[in-house]
Amino acid sequence: MSIEDKKKWNKKYQNNPIPDTPIELIKEYSKTAKRGRALDIACGMGRHSKYLASIGFEVDALDISSVAIESIINIPNIYPKEVDFDSYTLERNRYDLIICTFFLKRELFPEIVNALKEGGVFIYETFVYHPDNEQTPSERSYLLKEGELEKTFKDRLEFIHIDEYWDKTMKGYKMKKASFVGKKIR
Ligand SMILES: C[S@@+](CC[C@H](N)C(=O)[O-])C[C@H]1O[C@@H](n2cnc3c(N)ncnc32)[C@H](O)[C@@H]1O
């Protein structure tokens, strides 16, 4: 288990719980998926799990932080679980919708495709490496490369939306982001 990750995120969430507001991409595109079972990868304090549950999904909400997971127990239609994606395997052919925001673990990409049902939708947004970014993460590998999502998913999912754009972080730093929505057609 990534003990260091767990400690780091528990400390962050204890000192600084993040707002409940879902990002626009999730609000706009979650409606394109069949209302059924959803997975929120690295759900944090569950802002998107709560949104998806409120519009009719049953949501598996997974994260390594026990503080985050404890904050979302006993919410109808949310099934929180503490997991480490360094060792956790997604169940195949289970989800109508998978979302992931601001978490990057490249090894999960093929698993995500396998975990979608036929017709299932994957929605993803995270930061992209760029020399003009105003905030640097602890590790460069936590950032996408420009064009990486297109290359990764072009033979695996039908693209509904793909974009790279400049935005501000919650703390107001200018950062490049990538957003992606794809559908599993077979
Ligand atoms: C930037 S936060 C994003 C949280 C949420 N997706 C959101 O947008 O509000 C990254 C999340 O990844 C989780 N995380 C980091 N490493 C992890 C791992 N190895 N396994 C599972 N979750 C992990 C952290 O606990 C944290 O909640």
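Around the ligand stand 18 residues, and Tyr13, Ala42, Arg47, Asp63 and Thr101 come nearest. A residue counts as near if one of its heavy atoms lies within 4 Å. This is a predicted model: local features need pLDDT of at least 70, side-chain atom pairs count only at pLDDT 80 or more, and totals for chains, interfaces and linings use all residues. Residues are numbered from 1 along each chain as its sequence is written, and side-chain values use heavy atoms, with hydrogens and water left out.

**Ligand contacts**
- A polar contact is a pair of N or O atoms within 3.5 Å.
- A polar side-chain atom of Thr101 lies 2.6 Å from an oxygen atom of the ligand.
- A polar backbone atom of Ala42 is 2.7 Å from a nitrogen atom of the ligand.
- Phe85 has a backbone N or O atom 2.9 Å from a nitrogen atom of the ligand.

**Largest pocket**
- A pocket is an open set of points on a 1 Å grid over the protein atoms alone, with protein on both sides within 12 Å along at least five of seven lines; lining residues have an atom within 4 Å of a point.
- Helices (H or I, at least four residues) and strands (E, at least two) are DSSP runs, numbered from the N terminus.
- The lining of the largest pocket has 20 nonpolar, twelve polar and 14 charged residues. Ala, Val, Leu, Ile, Met, Phe, Trp, Tyr, Cys and Pro count as nonpolar, Asp, Glu, Lys and Arg as charged, and the others, Gly among them, as polar.

**Cavity**
- One cavity of 30 Å³ or more turns up in the whole structure. In a cavity, a 1.4 Å probe fits but cannot get out.
- Residues lining the largest cavity include Ile41, Cys100, Phe103 and Tyr124.
- Helix H5 (residues 108-115) gives the most to the lining of the largest cavity, with three residues.
- By class, that lining has eight nonpolar, no polar and one charged residues.

**Sheet**
- Seven strands form an open sheet with mixed pairing, in the order E3-E2-E1-E4-E5-E7-E6. Two strands pair if DSSP finds at least two bridges between them.
- The edge strands, E3 (78-82) and E6 (158-168), each pair on one side only.
- Strand E2 (residues 58-63) runs parallel to E3, joined by five bridges.
- Ala61 stands opposite Pro80 in E3.

Terms used. Points joined across faces, edges and corners; volume = space filled by probe spheres on them. Polar contact = N/O pair within 3.5 Å; in protein donor to acceptor, adjacent residues only side chain to side chain.
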